[in-house]
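User: Could we take a friendly, close look at one part of this model together? I would like to follow its charged side chains.

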Amino acid sequence: MIHTDHAALRAALDEGTGLCTVVGIDGSFSRRVGAQMAASRAGVAQVIAGSLADVCLERQLAGDLAGLAPGAEPLLQRYGRGSPIIDFRLPCGGGLDILLDPAPDRDALAQAVQALDARQPASLPLPVPEDAPAHLLRARPYIPRSR
């Protein structure tokens, strides 16, 4: 699913677009750690690019991201097993730690996109809170798409 993550990275360059990244998985899940989705924070919350699982999770994330106050810090949120959000469960029964970044570092995004365009590997530092569990992803690596 490299192409959907690259699309989310590119879409997040636009002001008013947030980035959601799976930084941890507890149990089974259809995507891997590092999967990303970009969503609009302006007007109606909507997924712009990328995919994390199913429409249900993506709508939940887009709504949660849009609900963050302007200028809010990134939020590390648990979904599924072990989550305080009792009205939302994942069909696989697992748990996800997802970083919701309402205003990702556009310069870091641009550098990653530039490296990928030059067919070089790239990495995006993720603003995971320092007190978060050590096993969570703290930098999202990317590899260029094959031709």
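With which residue does D26 form a salt bridge, and how far apart are the closest N and O atoms?

Analyst: Happy to walk through it. This is a predicted model, where local features need pLDDT of at least 70, side-chain atom pairs count only at pLDDT 80 or more, and totals for chains, interfaces and linings use all residues. Residues are numbered from 1 along each chain as its sequence is written, and side-chain values use heavy atoms, leaving out hydrogens and water.

D26 pairs with R78 in a salt bridge (a side-chain nitrogen of Lys or Arg within 4 Å of a carboxyl oxygen of Asp or Glu), and their closest N and O atoms are 2.8 Å apart. D26 sits in strand β1 and R78 in strand β4 (residues 75-80), so the bridge ties together parts 52 residues apart in sequence. Strands (E, at least two residues) and helices (H or I, at least four) are DSSP runs, numbered from the N terminus.

As for accessibility, buried means under 20% relative accessible area, exposed over 50%, and partly exposed in between (1.4 Å probe, protein chains only). D26 is partly exposed at 31%, while R78 is buried at 18%.

R78 has another partner: it forms a salt bridge with D97, with the closest N and O atoms 3.1 Å apart. That pair links strand β4 to strand β5 (residues 95-101), and its two residues are 19 residues apart. D97 is buried, at 12% relative accessibility. Through shared partners, D26, R78 and D97 form one network.
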